[in-house]
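Visitor: Please pick one part of this model and go through it closely. Then place it in the rest of the structure.

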Amino acid sequence: MRKGKGFHLWLIRALLGLLAILLLLPMIQTFLYSFSSMTEMQAYMKTRGNYDETRWMDTHLIPDMVSLRQYHQILIADNTVLRLFLNSALYTALILLGQAVVIPPMSFALSKFKFPGSGLIFFVIILLMLLPFQVTMVPNVLTLRDMGLLDTIWAVVIPMWFAPFYIFLVRQFMVGLPGELIEAAQMDGADVFSTYFRIIIPVCRPILGAAAALSFAESWNLVEQPLTYLTSRVDLQPLSTMFNQLAMENTGFEFAGATLYILPALFVYLFFQDDILSGIALTELK
Amino acid sequence: MYRKARLALPFLIPGLAGILIFYVVPFFGGIWYSLTDGSFENKFVGAENYIKVWGNQMFQLGLKNTMELSLICAPSLFLLSFLLSLLLNRIRPAGTFFRSSVLLPYLMPSSAVLIIWLLWFDYGGPVNHLISLCGGQRVLWLQGAELRVPVVLLFLWKNLGFCIIIFLAALQAIPISLYEYADLEGAGFWKQAFNITLPMIVPSAFLVFIICWVNAFRIFKEVYFIGGAYPEEPLYTLQNYMSNMYSKLNYQNVTTAAYIFAAIVFALFGLLFFLQNRAQRGLN
């Protein structure tokens with residue numbers, strides 16, 4: 001990179017550092033609060049909504065006394081959070097598995113094959129990508145009801161297998177792969193399936209990792225779909241739709257719950273971080 | 001590139017079938033709903049639903065708020081991510097930590113950090129504390145029109161990282177020699193930013209711009225977390241209207257509102273693509 005003036009660079013670093021800390025603070029604070037005792041947290045949360053002009057809430061970053069009571073409560077004593085957590089995990093796992101089967105082949109077909117209508121299909125995928133969920137909500141409910149899937153986990157899971165955004169993302173990456181890859185494979189006598197499994201999938205690793213991580217984030221944070229498709233099944237709701245109600249009840253264990261909720265996302269992020277960065281850098285996003 | 005269409009079929013069919021069944025057919029099938037009256041005989045009523053919904057007060061409120069929120073969210077997300085990526089690009093390779101910390105929120109479930117958000121914006125909370133330390137007046141962030149501030153900030157917190165990553169990828173693909181040449185020619189920072197950087201990243205910038213709008217139109221999640229299913233007036237979005245009509249089983253109104261919304265979304269993106277095409281041609 002070009003050399004900037006030393007002072008400027010330090011100013012930029014300080015500014016970005018401050019911003020980075022601010023962006024991470026919600027997670028750090030949640031984590032720290034999760035080690036307070038439940039009574040301490042309940043008392044602290046009660047100091048909210050005080051309109052006395054002379055009073056401020058404590059900043060209170062460090063717990064008075066480190067305690068694992070909140071974790072004991074959500075993991076052993078009361079299984080509400082744990083059950084919702086497992087629901088979320090189930091949805092996410094099923095969604096990602098289905099996407100792994102459907103999306104890479106579809107992207108392959110739309111990037112490395114010449115056939116009539118492929119342009120039209122891609123255009124439709126872009127249009128679908130732009131639409132908010134609610135636009136097709138009612139017709140979707142009716143379709144799912146006719147198929148007998150409404151109020152089952154599959155109503156949430158199956159439509160996500162065909163999520164247009166990930167087809168777009170992976171397809172754009174595959175378009176950028178050199179044609180020689182396939183020509184060389186053809187010359188070696190490889191058929192289209194072994195080319196797909198042995199060559200295309202391995203070279204697409206970064207974008208597949210990126211798509212998996214982004215899709216994880218979406219599946220772990222589903223709101224509209226469970227609220228619409230599972231109206232009569234509270235027991236099937238994931239953490240994402242129930243957590244804020246739980247948090248409003250001032251139970252005292254909401255921060256341990258939030259930490260438990262954040263942790264898988266954090267692991268996925270740490271594991272796929274490089275894939276997200278390089279996958280996006282190498283994709284023809286035009 | 002394979003030229004035989006037959007070969008593509010096994011790869012294409014499962015995905016295409018799913019897209020047709022779960023996205024395309026419902027989209028067109030719903031048009032029928034918006035044109036009937038929903039009674040037992042399900043009579044065809046033409047544009048009647050559209051006229052009724054368009055004149056509905058709650059619909060108008062939702063549409064107005066969705067448009068206003070999008071107009072706040074999309075441009076601010078775009079500009080902020082562009083500026084931050086310019087800054088980040090200047091300090092690499094030491095920028096890894098910053099890059100990671102802006103992207104992390106994108107993967108975080110927003111409802112998990114919601115409690116922290118409500119703490120920060122409490123009347124006696126740290127945000128107001130900071131304002132008062134700087135000599136300002138406390139604000140009731142969690143009521144009325146001010147509620148939009150925490151909602152928009154939650155949206156920015158979550159979405160900034162992804163946009164920055166796309167911008168950064170484009171910035172890093174610009175050959176350094178271009179800048180070296182410009183330095184020799186004596187072009188300053190701003191001149192370089194507008195004459196080299198901006199034209200080189202138009203395609204990515206356009207994509208980010210589209211993503212900003214797509215996500216801004218989908219702001220329901222943040223609204224739902226902070227305001228619930230029936231939020232206060234300044235937060236009542238079109239999606240709230242549709243969800244509430246849906247829970248009242250008024251399918252005609254939901255689909256009608258949905259197609260009006262879709263028409264607006266498509267018209268806007270159509271215009272953007274048209275302008276981008278013109279701009280692209282102008283540059284070449």
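Guide: What follows looks at one pair of helices and then at their surroundings. Residues are numbered from 1 along each chain as its sequence is written, and chains are lettered from A and ligands numbered from 1 in the order in which they are written. This is a predicted model, in which local features need pLDDT of at least 70 and side-chain atom pairs count only at pLDDT 80 or more, while totals for chains, interfaces and linings use all residues.

The pair is in chain A: helix 5 covers residues 118–130 and helix 8 covers residues 164–175. Helices (H or I, at least four residues) and strands (E, at least two) are DSSP runs, numbered from the N terminus. Two packed helices are described by the angle between their axes and the distance between the axes. Here the axes come within 8 Å and cross at roughly 130 degrees. An axis is a line fitted to C-alpha atoms, for helices over the stretch in contact, and angles run from 0 to 180 degrees between N-to-C directions. Helix 5 and helix 8 of chain A are therefore oblique to each other; under 35 degrees would count as roughly parallel, over 145 as roughly antiparallel and 65 to 115 as roughly perpendicular, with the rest oblique. Their crossing is left-handed, a term used if the near helix is turned anticlockwise from the far one by less than a right angle, with right-handed for clockwise.

Helix 5 of chain A brings A:Ile125, A:Ile126, A:Leu128 and A:Met129 to the contact, and helix 8 of chain A brings A:Pro164, A:Phe165, A:Ile167 and A:Phe168. Two residues are in contact if their C-beta atoms, placed from the backbone, lie within 7 Å. By class, this contact has 8 nonpolar, no polar and no charged residues. Ala, Val, Leu, Ile, Met, Phe, Trp, Tyr, Cys and Pro count as nonpolar, Asp, Glu, Lys and Arg as charged, and the others, Gly among them, as polar.

Around this pair, the secondary structure of chain A comes to 14 helices and 0 strands. The radius of gyration of chain A, 24 Å, is well over the 19 Å that the globule rule gives for 286 residues, so chain A is more spread out than a compact globule. That radius is taken over C-alpha atoms, and the rule is 2.2 Å times the number of residues to the power 0.38. Of the residues in chain A, 43% count as buried, meaning that 20 or more other C-beta atoms, placed from the backbone, lie within 10 Å of the residue's own; 12 or fewer is exposed, and in between is partly exposed.

Chain A also touches chain B, with 80 residues from chain A and 81 residues from chain B. On the side of chain A, helix 14 (residues 254–282) gives the most, with 12 residues. That side divides into 55 nonpolar, 16 polar and 9 charged residues.

Chain B has 13 helices and 0 strands. In its helix 11 (residues 220–227), 8 of the 8 residues are buried. Their cover includes helix 12 (224–229) and helix 13 (239–248) of chain A, together with helix 5 (110–120), helix 7 (148–172) and helix 12 (238–247) of chain B.
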